[in-house]
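Colleague: Could we go through this model together before I start on my figures? I'd like to begin with the aromatic residues and then step back to the overall picture.

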Amino acid sequence: MLALFLRNKRTRLPKLWRALFVVTIAVPQFVTLLLVRNFFANNGIANTLLREIGVLQIFQHFGWIANDYIPFLSAPGWAHVTIILVNIWIGVPYQMLIMTGVLSNLPEDQLESASIDGATKLQMFRHITLPYVLFVTGPSLVTDFVKNINNFNVIYLLTQDVYTTTNQALANSQAKEVDLLVTWLFRLTQDYYNYKMASVIGICVFVLCSVITLVAFGLMTRGDKEGVYN
């Protein structure tokens, strides 16, 4: 959607918008994540600004928060949303650039023929643009999806020494609500030396990634589309 937005003729200052998104690629990921962790800390800049303009007081009045700060990275729910949004922010630019290049090579003859035949923009997007993009970028999308299953950096750098679980069952398993399998595996080996459970988790991650990869490649890059797009 961002690539379509930047390519739209009605979009003003597309180079500026592109630069704002691409800046996350220029800065090392671990630096960005550590800065974001400090920004959204309980006493960080975000909570300070919200406190100054009265937003935190409103949240407290409605009972949405129990303390005088929003627990962006220290409470279930809030932490999940924050982590997902941050991960999208640092992950989108790379795919956006790829999609921009792919959209520049759309089969114009098919789009023109569909337009002459009376197809709407939504129909052209659904039946021509989207299938073409998924076919061309299928391997990249699958790679990114599997990478996020093993996205150690985002979880660890944002929540380490910040998030403390209150779930006794998870605590007994040496896990946290915000853990991925890979961060749980890391904690089991580095902090608790439970290599048996870590091995089982590693095998489960491998099987999960393998199944997803095979199914996704089969759906997005199957051979019956070669004649359509080549």
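Colleague: Is Tyr156 buried, partly exposed or exposed?

Modeller: Tyr156 counts as partly exposed because its relative accessibility is 26%, where buried means under 20% relative accessible area, exposed over 50% and partly exposed in between, with a 1.4 Å probe and protein chains only. This is a predicted model, in which local features need pLDDT of at least 70 and side-chain atom pairs count only at pLDDT 80 or more, whereas totals for chains, interfaces and linings use all residues. Residues are numbered from 1 along each chain as its sequence is written, and side-chain values use heavy atoms, with hydrogens and water left out.

Colleague: How many aromatic pairs are there?

Modeller: The count comes to nine aromatic pairs, taking rings of Phe, Tyr and Trp (its six-membered ring) as paired if their centres lie within 6.5 Å, and calling planes under 30 degrees apart stacked, over 60 edge-to-face and the rest tilted. One of them joins Phe152 and Phe186, which is edge-to-face because the ring centres are 4.9 Å apart and the planes stand at 65°.

Colleague: Where do those two sit in the chain?

Modeller: Phe152 lies in helix H9 (residues 152–159) and Phe186 in helix H11 (residues 181–190), so that the pair links distant parts of the chain, 34 residues apart. Helices here are DSSP runs of H or I with at least four residues, strands are runs of E with at least two, and both are numbered from the N terminus.

Colleague: And how accessible is Phe186?

Modeller: Phe186 is partly exposed, with a relative accessible area of 29%, and Phe152 is also partly exposed, at 23%. Phe186 forms an edge-to-face pair with Tyr156 as well, at 5.5 Å centre to centre and 80° between the planes. That pair too links helix H9, through Tyr156, with helix H11, through Phe186, across 30 residues.

Colleague: Which residues do ring pairs link into a cluster?

Modeller: The cluster consists of Phe39, Phe40, Phe72 and Trp78.

Colleague: Changing topic, how many helices and strands does the protein have?

Modeller: The protein has 13 helices and zero strands.

Colleague: What is its radius of gyration?

Modeller: The protein has 22 Å, whereas a compact globule of 230 residues would be near 17 Å; the radius is taken over C-alpha atoms, and the globule rule is 2.2 Å times the number of residues to the power 0.38. Along the principal axes, the C-alpha atoms fill a box of roughly 60 × 50 × 35 Å.

Colleague: What share of the residues is buried?

Modeller: Of the 230 residues, 33% count as buried.
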